[in-house]
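Reader: I would like a close look at one part of this model, followed by whatever else can be said about its surroundings and about the other chain. Please keep it plain.

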2 protein chains.
Amino acid sequence: MPPTPLRVGILGCGVVGTGLLRLLVDRERAIAEAAGGPIRVTRIAVRDLGKRREADPGKAAVGIDPMAIVESDDVDLVIELMGGVDPAYPAVLRALERGLPVITANKHLISLHGPELEAAAARSGASLRHEASVGGVIPVLQSLDQGLRTERFTLLVGILNGTTNFILSTMEREGRDFSEALDAARSLGFAEADPSLDLSGADTAQKLTLLARKAFRTDVAHGSIATEGIVGMELEDLRQADRFGYVVKLLGIGQRTPEGLDLRVHPAFIPKRYLLAAVRDEFNGVYLRGEASGSMLLYGKGAGALPTAQAVLGDLIAVARERRMRGTGGSTKPGSPPSHEPEAKISIDDVRTKYYVRLLVDDQPGVLAQIAQRLGGSLVSVAQMFQEPGVRGEASITLLTHEARDRDVRDAVAAIAALPTVRRAPRAIRIFDR
Amino acid sequence: MPPTPLRVGILGCGVVGTGLLRLLVDRERAIAEAAGGPIRVTRIAVRDLGKRREADPGKAAVGIDPMAIVESDDVDLVIELMGGVDPAYPAVLRALERGLPVITANKHLISLHGPELEAAAARSGASLRHEASVGGVIPVLQSLDQGLRTERFTLLVGILNGTTNFILSTMEREGRDFSEALDAARSLGFAEADPSLDLSGADTAQKLTLLARKAFRTDVAHGSIATEGIVGMELEDLRQADRFGYVVKLLGIGQRTPEGLDLRVHPAFIPKRYLLAAVRDEFNGVYLRGEASGSMLLYGKGAGALPTAQAVLGDLIAVARERRMRGTGGSTKPGSPPSHEPEAKISIDDVRTKYYVRLLVDDQPGVLAQIAQRLGGSLVSVAQMFQEPGVRGEASITLLTHEARDRDVRDAVAAIAALPTVRRAPRAIRIFDR
């Protein structure tokens, strides 16, 4: 008796859905072999029935109602590729409640509702997988869930957003300013029409939320991570970074400290010799440091139709194998959701970090003393300082601090910004060299 | 009813076994949670009962006969950490025949007997896992087996041996010669007393065998890979590499070409901008290029007690979960072994590659013409050439070739070596910049 096909319903058929349908056709035999039987897409929900698509839906019924798919009786598994929270959340929740395994690429959904969805999955015994939601094709969630599951991680540093990494790489390599690099990213398809979630760091923060939950096995609430983006990044900052032996990257950082878990997203100077410094353009990289395993890096494409579809396909094979192993409809016995212990978090105010600060000041006696006084008054000590003459009676001051309390540095910089001899808002970027 | 403990028999208790016992104790709770129940080591086979050990065997029975463990009735799963082929092969084979899942870190065993062991595993439905056998803690086999299983890879390039990578990194960074760097590796514990398997490239070839079977889903016979090691590597070669924008690494390469699968192990010049160029010291890195996923790199510690133990632990959790999912003694229904299609292999003779060649010649008229003639006669064309005066009437000639048939370059170099004006054996190292 040939194995029964696994019947798949796909919610959303944009670029990733189209890529997935293509892979399912192109690799039909290999996929059936890996899955232990054929995969058949029986239903697809799209937003606009009239839109022409490249992908061939085959014999799948195409409709516009995702709820109709998760309620239907000819679907064994649901793949959610709509993005956003509504209607993705009710649809995914309902599928899990019905005991249907769900695969999603939706970082926003999981960041916001992951714990409830995990709980619903545990109640019905269905599995919820979302490898494509972080780091695209990089098998990082699978590794954290499986081979590295029992590792105790002390540090996680990710370059998790391809758009901002492309912009920073383009500025660095081509000497272009921020807006030119953003235009280049747009014209190459690496930035969306509205890139604000990328530029603000919010996208990175969502992905860090998901990674930190897995790596540190603790609760991390959506929106709880201190986040700064790269808007306003100046080419001169990248040049100064280069001069001091660093490159600028937008990082998502998770770090165990004696005071609690330090989670934050911000641009940072990182040493050029770090592997993460070589993660360029639209690529993503996740650096992990574990007590037993030491340093690790996982690198690959964080976005794009086929890399994302490949990650979804990996989840699909995993669910199909689980289902075959159990010999039933794809659900385990009901269980409890993975236990995530609450853990103390340290506020970014109290994190100790080094800073790069750049100032434009009046080139006159006493200015340096005023600045040094503000720093010293906030217990910030200077590791290196350069003063260079500018035009029109200006001087440029660039300094690197020793490690200090983050809030103290920001207070000192605010006090310096208020000096009448300081001509514009200081630039201040953290240095990450742990 | 509390879940029944999973009873583990460990064959071999050297540094990795000791590390594993330590992790099992230190992380008992997290491991039990991940595994769905407690893990209990019931039996350990050691070589020498009298030897003092750091690890506490707990309540495990310690003996010297691995066969007694795989035949015993109080073991649900076998972990083989003896290394070598005898008695590992008969013990692992017997365990699989009895339906006991086996986890091993033994690359030599799997390279030599992997297909027979996989077949035995498939017959009894037991699983055979060996994540620790390649790339240490790097979750590369798991990724190739699961998330990336259906990907079509076109290229795989690995730095798979920590000893040789440490030696090359030390030569490069500290300007030491080969034997000094080898001594440094020995004194830091990165090289064994007899490092010949590492230095000859044989260790890398075994690991490439395992990786290529998974990544390309094809048969690769043990010992079938053309292999060159790094013995005789000269500091001057690394200096020349630097001058041309390269670094020297010992690579395991698997490449799909129109003529067949190209598998080989040799030192190579790789461009400094490659991520693999930043894989230094005792670290390993595996670069993969897939049709859907594009470029990926997985990086981490390839050896060492705790990283290897962590990889073994990952396999252990996976087996425990499989067993729990099936609700039985850890075996699936008998199945067929994974199908590996035979695929044409291309001989290294016919591979097209670029070369770096360094010659010491008599500094006299006509020598360059003789050399150029030998190269041209073998259809090897030169991309760059430098001639520099040496001492005692010698000249040093360094050249980089365009891509040519590998055998043709070696023939040309042999012809050049036979010239009476050539003072010592030429140095010839391939360039890999695909």
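Reader: Where in chain B does B:P87 lie?

Author: B:P87 lies in the loop between β4 (77-80) and α4 (88-97) of chain B. Helices and strands here are DSSP runs numbered from the N terminus, helices being H or I with at least four residues and strands E with at least two. The model is predicted, so local features need pLDDT of at least 70 and side-chain atom pairs count only at pLDDT 80 or more, while totals for chains, interfaces and linings use all residues. Residues are numbered from 1 along each chain as its sequence is written, chains are lettered from A and ligands numbered from 1 in the order in which they are written, and side-chain values use heavy atoms, with hydrogens and water left out.

The peptide bond that joins B:D86 to B:P87 is cis, with omega about 10°. Most residues other than glycine have a negative phi, and most peptide bonds are trans. In chain A, a cis bond links A:D86 and A:P87, again with omega of about 10°. A:P87 is found in the loop between β4 (77-80) and α4 of chain A.

Two packed helices are described by the angle between their axes and the distance between the axes. Axes are lines fitted to C-alpha atoms, for helices over the stretch in contact, and angles run from 0 to 180 degrees between N-to-C directions. Helix α4 (residues 88-97) of chain A and helix α5 (residues 107-124) of chain A have axes that come within 8 Å and cross at roughly 15°. α4(A) and α5(A) are therefore roughly parallel to each other; angles under 35 degrees count as roughly parallel, over 145 as roughly antiparallel, 65 to 115 as roughly perpendicular and the rest as oblique. On the α4(A) side, the contact (heavy atoms within 4.5 Å) is made by A:A88, A:Y89, A:V92, A:L93, A:L96 and A:E97. Residues that α5(A) supplies include A:L109, A:H113 and A:E116. By class, the contact of α4(A) with α5(A) has 9 nonpolar, 2 polar and 2 charged residues. Ala, Val, Leu, Ile, Met, Phe, Trp, Tyr, Cys and Pro count as nonpolar, Asp, Glu, Lys and Arg as charged, and the others, Gly among them, as polar.

Elsewhere in chain A, helix α12 (residues 305-326) packs against helix α1 (residues 15-26) at an angle of about 60°, the axes being 8 Å apart. That angle makes α1(A) oblique to α12(A). α1(A) passes α12(A) in a right-handed crossing. Contact residues include A:V15, A:V16 and A:G19 of α1(A) and A:A305, A:L306 and A:T308 of α12(A). This contact divides into 11 nonpolar, 3 polar and 1 charged residues.

Helix α2 (residues 28-35) of chain A also packs with α12(A), at about 40° and with axes 8 Å apart. α2(A) is thus oblique to α12(A). A:I31, A:A34 and A:A35 of α2(A) meet A:L313, A:I317, A:A320, A:R321 and A:R324 of α12(A). The classes are 6 nonpolar, no polar and 2 charged.

Phi values come next. A:L379 has a positive phi of about 65° although it is not a glycine, and its place is the loop between α13 (367-377) and β15 (382-389) of chain A. With 69% relative accessibility, A:L379 counts as exposed; exposed means over 50% relative accessible area, buried under 20% and partly exposed in between (1.4 Å probe, protein chains only). B:D281 has a positive phi near 55° and is buried at 18%. B:D281 lies in the loop between β10 (260-271) and β11 (283-290) of chain B.

Also in chain B, B:V157 is in strand β7 (residues 153-159) and is buried at 2%. Leaving aside neighbours within four places in sequence, B:V157 is in contact with residues including B:L251, B:G252 and B:F432.

The whole structure has 0 disulfides over all chains, a disulfide being a pair of cysteine sulfur atoms within 2.5 Å. Of the cysteines, A:C13 is buried at 9% and B:C13 is buried at 8%.

Technical notes. A crossing is left-handed if the near helix is turned anticlockwise from the far one by less than a right angle, and right-handed if clockwise.
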